[in-house]
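Dear colleague,

Please find below the structure that I am handing over to you. My notes on it follow directly after.

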Amino acid sequence: MLGAAGAVVLAGVPAYADGAAVAAKIKGLTGGKSVGEGAIELDLPEIAENGNAVKVAFSIDSPMTADNYVKAVHVMADGNPTPEVASFNFTPAMGACSASTRMRLAKTQNIIVLAEMNDGSFKQAQATVKVTIGGCGG
Amino acid sequence: MAKIKPRVKVPKKAAAGEIVEIKALISHPMHTGRAKDKKGNKIPRKIINKFVASFDGQDVFTANFEPAVSANPYIAFPFKANKSGAFTFTWVEDGGAEFTASKKMTVA
Amino acid sequence: MRLAVTITMALSLVAGAAFAKTPYHDGTAEVIKPTDKNHPLGEIVSGYDFRKAMIRDVQDDDFANPAMLVADHGEELWDTVDGSAGKSLSQVFEGCAEVPLDVVGSVYPRYHNAAGKVISLEQVINMCRETAMGAKPYKWESRDMLGITAYIRMQSRGSRVNVAVDGQASAAFERGKELYYTRVGQLDMSCAHCHEDNYGNYIRADMLSQGNINGFPLYRLKWNGVGSTHRRFRGCMKNIRATPLPYGHEDYVALELYVAWRGNGLKVETPAYRN
């Protein structure tokens, strides 16, 4: 949830590098509208053994009909040099709202997933991914 | 220089109304623009920045990739099989180069 | 209730002393009992089982595994005519390699009769190219060589590693064993210090495996690409601040034979995916 002055308060997760950059990005997308929670299931590892290819997947409960569907989903990482990871545009033709890809994480950080509905409302979920960088073995 | 090759996994057959999973991958280094080469010079950014899946000519799913997407970008997404048709998958690279793949799907 | 808890704790402490390591895998690992009574370990486990699900899941999916892109490249090369003799590697390889294709991945490095010594798969491929195809040899760590070795070893995927270390291979085996236990570099460590004495423990944030090579050539997230066993050996030596040997050095071939023997019985997993 966004605090009054636009400072990011990601409920229940520790503050990592650039909360302000994520807040600004979210504000740009939502126009300052309030963001709800729920209906977004995140599939992220708790600990990623290497930050080069971390699985990121989500599934959003939505009927995906012409009058009730998820229009877009934005994935952000608050500890990377820039917060945007990827965004996805969905259509009712898909029948379900989910996607899976792999991202680069520079270090332990929060992943924030923001979903925009066709009616202009927004939902959000986040989770922390710990990233270890072993460095051994050449 | 490795070839940039797409590959896709689409079920050949599906039942009407079934939600199938489509997987797509393209071999690409996804240079972020931050890494340096052996001489210490920055390797310029060059990534696949967009992936579009269209069915019978209609765009059904788009993914916009940033440099934070891993090398050899992989994407999996659902699609509701209503009628038989053909998919076209397009990957767009920084600078405009496009790579495509096509697959047909039969719906019973 | 308190007494029961105390007894349970006492028992688990005793049990803990008997099993010095916390279980390093989630119980799903295939643990091989070495058949050779001279094997230094009581259990043989693939590097696959030292990694978390996020990494194992990619290896399990041929579509998503980026190492398969390199193996696909190798498959193309396999059937490509190259060199003055107008032949492809697929037409000459089994004769050169002295064993059938579906076995090569589980028996190399191997004593090669024509070469008169133990050689690696890379070396027999180049022998084939030069003598039977009239083609230029591939560079050891080139995409072509990695592709071809990945493709060929993949034909044995699922069968058990079974390198021969007796008879005419025994000299190289002994040399490889000697190298495995020899301290090198400023950090003055040997392969055994990590992979024999400390597998299952952490070094920095990496969980140490037994150092088996049943998945090579493989994709490493650390490399953002596919590499060979010699690349891995070189990297290790650099980490220990030792001067790495050049690719293809006969000591690395001997070490490769020895390390493969330590993993005899494991399934070939080429092309694997690791961190």
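In these notes a residue is called buried if 20 or more other C-beta atoms lie within 10 Å of its own, exposed if 12 or fewer do, and partly exposed in between, with C-beta atoms placed from the backbone. Helices (H or I, at least four residues) and strands (E, at least two) are DSSP runs, numbered from the N terminus. The model is a predicted one: local features need pLDDT of at least 70, side-chain atom pairs count only at pLDDT 80 or more, and totals for chains, interfaces and linings use all residues. Residues are numbered from 1 along each chain as its sequence is written, while chains are lettered from A and ligands numbered from 1 in the order in which they are written.

Chain C

Helix H4 of chain C covers residues 89–97, and Leu89(C), Phe93(C), Cys96(C) and Ala97(C) are buried in it. These residues lie on the same side of H4(C), because they cover an arc of only 80° around the axis; the arc is that of the directions from the helix axis to the C-beta atoms. An α-helix has 3.6 residues a turn, so residues three or four places apart point the same way. Among the elements of chain C that cover the buried residues of H4(C) are helix H3 (67–78), helix H6 (121–133) and helix H7 (143–154). Just after H4(C), Glu98(C) has a positive phi of about 70°.

Chain B contains eight strands and zero helices. Its C-alpha trace spans about 60 × 20 × 20 Å along the principal axes. Of the 108 residues in chain B, 32% are buried.

Two residues are in contact if their C-beta atoms, placed from the backbone, lie within 7 Å. By that criterion, 10 residues of chain B are in contact with six residues of chain C. On the chain B side, strand E1 (6–9) and strand E3 (19–26) are the elements that give two or more residues. Within chain B, residues 24 or more positions apart account for 55% of the contacts with a separation of 6 or more.

Chain A

His74(A) is found in strand E5 (residues 70–77) of chain A. This residue is buried, with 21 other C-beta atoms within 10 Å. Leaving aside neighbours within four places in sequence, His74(A) is in contact with Leu29(A), Ser87(A) and Leu114(A). The C-alpha atoms of His74(A) and Glu49(A) are separated by 24 Å, and the two residues are 25 residues apart along the chain.

Yours sincerely
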